[in-house]
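I opened the notebook to keep a record of what I looked up. The entries follow the order in which I worked.

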Amino acid sequence: MRPTVKQIRPDANPLLTNMLIAYMNNETDFVARQAAPVVPVNEESGTYLTIEQKHWFADKLERRAYGDTFAQGGYTFGSDTYKTLQFGLEHAIPVEHEATSQVPMRLEQVGLEWLAHQSNIRKEMAFVADFIKASVWTTQDNNSATDWDDSGGTPVANIATAKRTIRQLTGREANALFVGEIVYDALRVNAEVKALVQYTQTGTADNMRSLLAAVLDVQTLGVSRALYNSANTGQTASLAPIMDDDALLCIVAPGADMMSVSSLKTFTWAPGGGEGEIMTYNDPSTRNSRVLQHTEQWDQKLIAAATGAIWLDIV
């Protein structure tokens, strides 16, 4: 008599050790960090200086006779402030769970990935809540008669007009456009855009985005595809785009550079976690767990409202 398969292999459906399905946003789905470059700061709050705009556009040179006195001129400074706020989240993994887990990845690694993803979602949510709305930017269109997905939509002309407006207000040229995925899809099939690219071979999705950026005359075309779950996690997921049918044209200047302008900056304070920091520690006394503790401290700050233009509900 021979043993049965069930006797020699009680678990007839063993777990695969080389496969784990996960649903999440891609790193490239987020645009907040692109739109608001990071500036590390030494204090949790502070002041930064601005050279007042009027002095740089004045015509102050005067004709001078040999030996005569020189005309006098100069400039003045203004200032603004930032204040970083700390965000935190921790994930506890019971020692017994780690010891008995059959998940193909270590639970600690899964937890680290989840916390990093939470950080991206928080920054994207803050970016949209604070800056993708009315009454933030000097130039805005929140009631367009012709949307970009309409047959007569003219995104190229609209963006060119907005770029010119920004330049005439600030002397600086907008170089970045950030849109929701539904807006990007509308741009790709817009008649005005297609007329300009119809004889161009795109090849790949990356090439198409680069081509669109060139047609729209921007260096950066960021597409926010990130989703968030608006339902309680005890309920069925209700996913929606964080940035939907809107578009923001602005100036992006990386880092804490001198004598430049950027529409937005993200001030980060390292002692409070900076862009994001995860500390791991054992908690044997209360939870008997390995704890992953995430902190970050930053301020996404509007630097210059006149350097941006926004279209709300543009498709």
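**Entry 1: ground rules.** I am working with a predicted model, where local features need pLDDT of at least 70, side-chain atom pairs count only at pLDDT 80 or more, and totals for chains, interfaces and linings use all residues. Residues are numbered from 1 along each chain as its sequence is written, and side-chain values use heavy atoms, with hydrogens and water left out.

**Entry 2: Lys-163.** I found Lys-163 in helix α5, residues 155-170 (helices are DSSP runs of H or I with at least four residues, strands are runs of E with at least two, and both are numbered from the N terminus). Is Lys-163 buried or exposed? Lys-163 is buried, at a relative accessible area of 7% (buried means under 20%, exposed over 50%, partly exposed in between, with a 1.4 Å probe and protein chains only).

I then looked up its partners. The side chain of Lys-163 has a polar contact with the side chain of Glu-173, at 3.0 Å (a pair of N or O atoms within 3.5 Å; within protein, one must be able to donate a hydrogen and the other to accept it, and residues adjacent in sequence count only if both atoms are side-chain atoms). A polar atom of the Lys-163 side chain also lies 3.0 Å from the backbone oxygen of Asp-217.

**Entry 3: cores.** I noted 30 residues in the largest nonpolar core (a set of buried Ala, Val, Leu, Ile, Met, Phe, Trp, Tyr and Cys residues joined through side-chain atoms within 4.5 Å). Trp-148, Leu-177, Val-179, Val-183, Leu-249 and Trp-311 touch the most other members. Helix α8 supplies the largest share of this core, five residues. Another core, of 23 residues, lies apart from it and includes Ala-32 and Ile-242.

**Entry 4: pockets.** I read about 1200 Å³ for the largest pocket (on a 1 Å grid over the protein atoms alone, a pocket is an open set of points where a 1.4 Å probe fits, with protein on both sides within 12 Å along at least five of seven lines; lining residues have an atom within 4 Å of a point). Its lining has 34 residues, with Leu-49, Thr-50, Ile-51, Ser-260 and Val-261 nearest the centre. Strand β2 gives the largest share of that lining, five residues.

The second largest pocket holds about 920 Å³. Its lining has 28 residues, and Tyr-23, Trp-114, His-117, Gln-118 and Ile-121 lie nearest its centre. Which element gives the most to this lining? Helix α4 does, with 10 residues.

Key. Grid points are joined across faces, edges and corners, and a volume is the space filled by probe spheres set on the points.
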